[in-house]
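Hi,

Here is the structure I said I would pass on.

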Amino acid sequence: MSYHKLKRGLRIAVAVGATAFLVSFVQPAVAEEFVNTGYFGDVAIKGYDPVAYFTQNQAVEGSEQYSYHWLGATWHFASAENRDLFIREPAKYAPQYGGYCADGVSFGTVTTNVDPKAWRIIDGKLYISYDPGAADGFEKNPTKLTDSKKHWSDVQQTLVSEKLDKNWQAPAN
């Protein structure tokens, strides 16, 4: 076996073992660290105010002026009042599934590209989807909510694996 194949095999074994350990023993903490910030940057919900969905019943763009760093992401708010409400109870206002597409989670998949205007509040929880049709379907089909809860741990494991794979990739030789 070549050195490079052995090295790659060891990386995979370590990543799989680390994934199993993280998901089995520290899953809640790890899961909370996965806030969807899109493909670039560190801003949650593409800069939309998570509190406004509840207080204004609409998607409202936030401002860098009223921002807060939580769970490895920067959250923007339309006002200092909304930012302060979020700081007091972030879990109340943050989107479910870290802001990944709730409809995608119902199928057990990770969908990073979301539309902040494609949202629903169901049972007091905020769900973001990739487009308005998916958000509508998520709301109208109760099995999607049940399925998303069922698949969330698998999606978390996928996110952990992707993070580990990204962190463990060896530079090309």
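Leaving out residues up to four places away in sequence, Thr-112 touches Asn-36, Gly-38, Tyr-39 and Tyr-100, where contact means heavy atoms within 4.5 Å. Before going further, a word on the source: this is a predicted model, so local features need pLDDT of at least 70, side-chain atom pairs count only at pLDDT 80 or more, and totals for chains, interfaces and linings use all residues. Residues are numbered from 1 along each chain as its sequence is written, and side-chain values use heavy atoms, with hydrogens and water left out.

Back to Thr-112: you'll find it in the loop between helix 6 (102-106) and strand 3 (115-122). Helices (H or I, at least four residues) and strands (E, at least two) are DSSP runs, numbered from the N terminus. Thr-112 has a relative accessible area of 16%, so it is buried (buried is under 20% relative accessible area, exposed over 50%, partly exposed in between, with a 1.4 Å probe and protein chains only). One of its contacts, Gly-38, sits in the loop between helix 2 and helix 3 and is partly exposed at 35%. Gly-38 and Gly-99 are 61 residues apart in sequence, yet 9.5 Å apart in space, C-alpha to C-alpha.

Next, the backbone. Most residues other than glycine have a negative phi. Ile-45, not a glycine, has a positive phi of about 50°; it lies in the loop between helix 2 (27-33) and helix 3 (52-55) and is buried at 5% relative accessibility. Tyr-97 also has a positive phi, of about 60°, and belongs to the loop between helix 5 (90-93) and helix 6. Tyr-97 is buried too, at 8%.

Now the rings. Rings of Phe, Tyr and Trp (its six-membered ring) pair if their centres lie within 6.5 Å; planes under 30 degrees apart count as stacked, over 60 as edge-to-face and the rest as tilted. The count comes to ten aromatic pairs. Among them, Tyr-68 and Phe-86 are edge-to-face, 6.2 Å centre to centre with 75° between the planes. Tyr-68 is in strand 1 (residues 63-70) and Phe-86 in helix 4 (residues 80-88), so this pair ties together parts 18 residues apart in sequence. Tyr-68 is partly exposed at 26%, whereas Phe-86 is buried at 0%.

Tyr-127 and Phe-138 make a tilted pair: 5.1 Å centre to centre, 40° between the planes. Both are buried.

Finally, Tyr-68, Trp-70, Trp-75, Phe-77 and Phe-86 form one aromatic cluster.

Cheers
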